[in-house]
Amino acid sequence: MIFRGIEDRDLILRARKGDVESYNMLVSRWEKRVYNYILRVVGNRDDALDLCQDTFLKAYRGIAKLNEVERFPQWLFRIAHNETTSMYRRTKPVFEDENLDQSVDPASLPRTRFEGTSFGAAELGLAIEQALERLSDEQRQVVLLKVYQGFKFDEIAKITGCPPSTVKSRLYSALNALQGALAMT
Amino acid sequence: MRDAPHVLWDYLLDELGPTERVEVEEYLKTSDAGRAELERLRLTHAALLHLPEEEIPQRIAFVSDPILEPSPRQRFWRGALGGSPLLAMSAAAAVMLVFFAGAWATKPTLARTGDGWSLTFGASAAAGDLEEKFRAAIIKAVTAADARQLEAAAALNASSERIDREWVSAQIAAVRRELAEVQEDAAIGYELVNAKHETFKRQVLQIDMASLGGFGQ
């Protein structure tokens with residue numbers, strides 16, 4: 001087993017003093033997670049890479065102001081979330097925003113049955129990708145932050161800037177939709 | 001149970017407090033439907049975790065602080081000496097300074113001559129001398145500015161190369177450390193496997209011996 005010799009906390013403290021190599025090490029630990037989160041939100045690799053770079057650049061500029069070092073993951077994902085939202089505001093047609101928060105009817109999603117041996121991992125991954133894409137942006141963000149990044153409800157609320165009750169309702173409706181789409185039996 | 005599916009999701013996603021967890025566990029002990037629902041949620045959650053993660057197509061790295069973010073003092077001097085527009089302005093300012101200083105030192109005088117007025121700059125203020133002084137001042141100012149720019153560029157290059165070397169060395173050292181840890185883990189694993197293998201061999205031998213003994217009887 002390989003243990004991390006230096007904890008994130010140490011790297012953050014060094015980066016706050018201007019140690020760029022420590023920050024680069026921190027970036028190397030988090031870039032894949034942040035990139036995948038943004039990629040699943042925006043659905044485009046080029047945009048995801050640009051936004052990921054912007055996120056880490058903003059984080060670098062602001063890391064000296066990060067008072068609670070333990071909250072680095074939430075802080076970083078909040079920057080990523082804001083970057084993603086800003087891009088949406090710049091590029092998405094206004095009329096699409098009206099439907100952002102509506103829940104998805106599971107019946108409208110493609111139904112995919114998977115039971116052990118009959119459904120391969122690649123097919124399952126593809127089915128989940130498609131099901132996620134059918135969710136609203138807000139629902140997808142909450143699912144990504146909860147299921148794939150493991151944040152708590154109150155942390156997701158701070159990242160997305162909405163109340164915990166909204167986070168919960170978005171998550172439950174999204175999970176319900178995903179469950180329907182994946183046709184669990 | 002009130003709002004059971006959401007509570008079960010909260011239970012599964014570790015969002016309940018200790019008391020609520022106990023309540024849910026008590027409920028699950030007595031409810032077949034609850035257990036079945038939890039199992040469905042667990043399957044959905046497990047399925048969602050099959051979403052593949054992609055590698056980032058291009059690693060993100062930042063260059064060292066001294067280049068991008070110099071100290072305020074460095075920023076002042078670099079700004080004052082480095083940029084092309086500022087370079088031209090500083091050269092012009094130097095020329096003006098020399099001109100006015102020269103004019104002041106040579107004490108211009110206005111005198112009436114036979115056919116009009118004449119402006120003279122002291123005893124050595126012939127037009128040729130003044131032009132020569134201008135030329136010399138311009139050459140001197142531009143040469144000095146060029147030298148400073150070259151010096152700044154060389155310092156920047158040297159700094160960049162040093163940082164690249166340090167970064168590469170740090171990366172190599174980190175990889176070596178990880179490799180050493182892997183080798184250590186592998187060695188431990190190898191010893192464990194060997195020990196297991198020896199134990200297994202002994203057990204097989206004992207079984208063989210026992211079966212031979214039984215056969216002999």
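Colleague: How many helices and strands does chain B have?

Modeller: Helices (H or I, at least four residues) and strands (E, at least two) are DSSP runs, numbered from the N terminus. Chain B has seven helices and two strands, and from the N terminus its elements run α-α-α-α-α-α-β-β-α. This is a predicted model, in which local features need pLDDT of at least 70 and side-chain atom pairs count only at pLDDT 80 or more, while totals for chains, interfaces and linings use all residues. Residues are numbered from 1 along each chain as its sequence is written, and chains are lettered from A and ligands numbered from 1 in the order in which they are written.

Colleague: How many residues of chain A are in contact with chain B?

Modeller: Two residues are in contact if their C-beta atoms, placed from the backbone, lie within 7 Å. Here 36 residues of chain A are in contact with 32 residues of chain B. On the chain A side, helices H2 (20-42), H3 (45-62), H6 (121-133), H7 (137-148) and H9 (164-182) each supply at least two residues. H2(A) gives the most, with ten residues.

Colleague: How do the axes of H2(A) and H7(A) cross?

Modeller: Axes are lines fitted to C-alpha atoms, for helices over the stretch in contact, and angles run from 0 to 180 degrees between N-to-C directions. The axes of H2(A) and H7(A) come within 9 Å and cross at roughly 155 degrees. The two helices are therefore roughly antiparallel to each other, a term for angles over 145 degrees.

Colleague: Which residues of H2(A) and H7(A) meet?

Modeller: Tyr37(A), Arg40(A) and Val41(A) in H2(A) meet Asp137(A), Arg140(A), Gln141(A) and Leu144(A) in H7(A). By class, this contact has three nonpolar, one polar and three charged residues. Ala, Val, Leu, Ile, Met, Phe, Trp, Tyr, Cys and Pro count as nonpolar, Asp, Glu, Lys and Arg as charged, and the others, Gly among them, as polar.

Conventions. Parallel < 35°, antiparallel > 145°, perpendicular 65-115°, else oblique.
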